[in-house]
Amino acid sequence: MEEIDKDNLPKHIAITMDGNGRWAKTKGKLRVFGHKNGVKAVRDTVEGAAEIGIKYLTLYAFSTENWNRPEKEVNALMTLLVSAINKETKTLMDNNIRLSAIGDIEKLPSKAQTELQEAIEKTKDNTRMTLVLALSYSSRWEILNAVRNIIKDGKKAEEINETTFQQYLTTKSVPDPELLIRTSGEYRISNFLLWQIAYSELYFTDTLWPDFRRTDLYKAILNYQNRERRFGKTTEQLQK
Ligand code: IPE
Ligand code: IPE
Ligand code: MG
């Protein structure tokens, strides 16, 4: 933590929390056991991010494609979501963290929607960090939704530029992530923030999500700080 340059922190970090099932398997347990232990990793990462001064943390918790998992696992994940939000609202309040959510929230069971809305309402005045949960989220769903709403609003072709398009995304009030982390050694995006990660730095780690802790987050931030973000320019131009 001491090695991190506090003046060069990413404002927004996004994480694809992957590997719960494999973590459970190595322990000879059911996949749900992995998801349950994933909650501990969420708590430590969220606290660690707020502590170091990250302003936005987006966690990919459930994708549109995850609805295709066995019904038992989906139900267990939804139950876990309800209990985790319920239990962790206190952690959010103690740490001055605001909760928000992106995704097709209406697809969630009504109990989960209510729990989520309550926590969002309760934490809405918190200012240290915004925690964004991506739930029933997929980037293609988000982009298509944006296009539909642009058409519904009767926008003219000439009015559409990157700034106006961004206003139609679920992330409209959040800056693009400078850093995207994926755990469990999978090197893919899985329909996450396709528009927003145009220039994000990608960081992959073999650590399975339930083992991920704030020290792993800090390692990723340090790695990020040692990169040169050129945005199409040359190194020489950046040194001027
Ligand atoms: C991530 O872990 C959690 C969710 C996608 C909900 P997985 O459940 O994908 O675990 P693996 O990838 O099968 O190990
Ligand atoms: C991506 O993980 C979605 C979440 C972490 C919520 P998956 O484990 O579902 O991704 P794929 O399908 O293996 O790419
Ligand atoms: Mg997975």
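These are my notebook entries on two ligand sites and a few single residues in a predicted model.

**Ground rules**

I number residues from 1 along each chain as its sequence is written, and I letter chains from A and number ligands from 1 in the order in which they are written. The model is predicted, so local features need pLDDT of at least 70, side-chain atom pairs count only at pLDDT 80 or more, and totals for chains, interfaces and linings use all residues, while side-chain values use heavy atoms, with hydrogens and water left out.

**Entry 1: ligand 1**

I started with the shell, taking a residue as near when one of its heavy atoms lies within 4 Å of the molecule. Around ligand 1 I find M17, D18, G19, N20, G21, R22, R31, H35, A61, N66, R69 and L77. The tally for ligand 1 is 3 nonpolar, 5 polar and 4 charged residues.

Next I looked up polar contacts, meaning pairs of N or O atoms within 3.5 Å; within protein, one must be able to donate a hydrogen and the other to accept it, and residues adjacent in sequence count only if both atoms are side-chain atoms. The side chain of R22 puts an N or O atom 2.7 Å from an oxygen atom of ligand 1. G21 uses a backbone N or O atom, at 2.9 Å from a ligand 1 oxygen. For R31 I noted a polar side-chain atom 2.8 Å from an oxygen of ligand 1.

How much of ligand 1 does the protein bury? Taken alone it exposes 380 Å², and 87% of that is buried by the protein. Areas here are Shrake-Rupley with a 1.4 Å probe, and for residues only the protein chains shown count as cover.

Then the secondary structure: helices (H or I, at least four residues) and strands (E, at least two) are DSSP runs, numbered from the N terminus. Two elements give two or more residues to the shell of ligand 1, namely α1 (20-26) and α2 (31-52). The largest share, 3 residues, is from α1.

I also checked the pockets. On a 1 Å grid over the protein atoms alone, a pocket is an open set of points with protein on both sides within 12 Å along at least five of seven lines. The space that ligand 1 takes is the largest pocket. A molecule sits in a pocket if more than half of its atoms lie within 2 Å of its grid points.

**Entry 2: ligand 2**

Ligand 2 also sits in the largest pocket. Its shell holds T16, M17, D18, Y60, A61, F62, S63, N66, R69, R182, R188 and S190. By class I get 4 nonpolar, 4 polar and 4 charged residues. Strand β2 (residues 56-63) supplies the largest share, 4 residues.

Which side chains did I look up against the oxygens of ligand 2? S190 has a polar side-chain atom 2.5 Å from one. An N or O atom in the side chain of N66 is 2.9 Å from an oxygen of ligand 2, and for D18 the distance from a polar side-chain atom is 3.1 Å. On its own ligand 2 exposes 390 Å², of which the protein buries 78%.

**Entry 3: S190 and N191**

I went back to S190, found in the loop between β5 (179-182) and β6 (201-204). Its phi is near 50 degrees, a positive value in a residue other than glycine. N191 is in the loop between β5 and β6, and its phi is positive too, near 65 degrees.

Is N191 buried or exposed? I use under 20% relative accessible area for buried, over 50% for exposed, and partly exposed in between (1.4 Å probe, protein chains only). N191 counts as buried because its relative accessibility is 16%. S190 has 29%, so I log S190 as partly exposed.

**Entry 4: E201 and R227**

E201 belongs to strand β6 and counts as buried, because its relative accessibility is 15%. R227 is in the loop between α7 (214-225) and α8 (235-239). At 27% relative accessible area, R227 is partly exposed. From E201 to N223, 22 residues apart in sequence, I read 9.8 Å between C-alpha atoms.

**Entry 5: I4**

Last, I4 lies in the segment before β1 (12-16). Why does I4 count as buried? Because its relative accessibility is 4%. The C-alpha atoms of I4 and I52 are separated by 8.9 Å, and the two residues are 48 apart along the chain.

Notes:
1 Å grid on protein atoms, 1.4 Å probe; cavity = no way out; pocket = protein on both sides within 12 Å on 5 of 7 lines; lining within 4 Å. Nonpolar A, V, L, I, M, F, W, Y, C, P; charged D, E, K, R; others polar.
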